[in-house]
Amino acid sequence: MAEPAQYEELVRQFSAFGAVKREMNRIMPADCPSGSAGVLTLLGRHGAMRMSRLAELMSVDLSVTSRHVAHLAERGWIERSPDPADKRSRILRLTPSGQEQLDELFRRTTRLLAERLSDWTDDEVGRLTLLMARLRDSFGDCRAAPRPAPPAPEQTTRTPASM
């Protein structure tokens, strides 16, 4: 197990990672905010689904999901059709226009990453990808019952200069 100081540094790096996410959001089209992009990405990855499943995958409330879905439907990027198994429910799916939008989002983010990581080796990019996937897997399904909290690390004495 790593030393507490390593986990503290990891926390600082996660906090600083917000700048990366903000820059990625800035390159998105104005009419496709990050929540909408997330919906498009999930529908592209998992295919047609009910809104309740989408909300579960996004780990957000159904009302939040509904707003994103309405936004995307207004633009013609997704369609909502009756669920044959339950007429009260709707099945969401990408339209051809929605697939084009999703493809454009991937082109933009891929181009940004290629620019910012141009001085990285293929091995470094590969290792980052593997480690990020492993980190995500370590957290498992965040929608499931919460895991017991890990024991608190030993307290370290820090001076303002070390923070």
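1. Start with L54: leaving aside neighbours within four places in sequence, L54 is in contact with V39, L42, M49, T65, V69 and L92 (contact means heavy atoms within 4.5 Å). Keep in mind that this is a predicted model, where local features need pLDDT of at least 70, side-chain atom pairs count only at pLDDT 80 or more, and totals for chains, interfaces and linings use all residues. Residues are numbered from 1 along each chain as its sequence is written, and side-chain values use heavy atoms, with hydrogens and water left out.

2. L54 also turns up in the largest nonpolar core, a 20-residue set in which L40, L43, L54 and I78 have the most contacts. Such a core is a set of buried Ala, Val, Leu, Ile, Met, Phe, Trp, Tyr and Cys residues joined through side-chain atoms within 4.5 Å. At least two core residues come from each of α3, α4 (51-58), α5 (62-74), β3 and α6; α3 gives the most, with five.

3. Now α6 (residues 96-116): its 21 residues reach 30 Å from first C-alpha to last, close to the 30 Å expected at 1.5 Å a residue (1.5 Å times one less than the number of residues). Helices here are DSSP runs of H or I, at least four residues, and strands are runs of E, at least two, numbered from the N terminus.

4. G98, Q101, L102, L105, T109 and L112 of α6 are buried (under 20% relative accessible area; exposed is over 50%, partly exposed in between, 1.4 Å probe, protein chains only). Seen down the axis, the buried residues of α6 fall within an arc of 100 degrees, so they line one face (directions from the helix axis to the C-beta atoms). P96 and E100, on the other side, are exposed.
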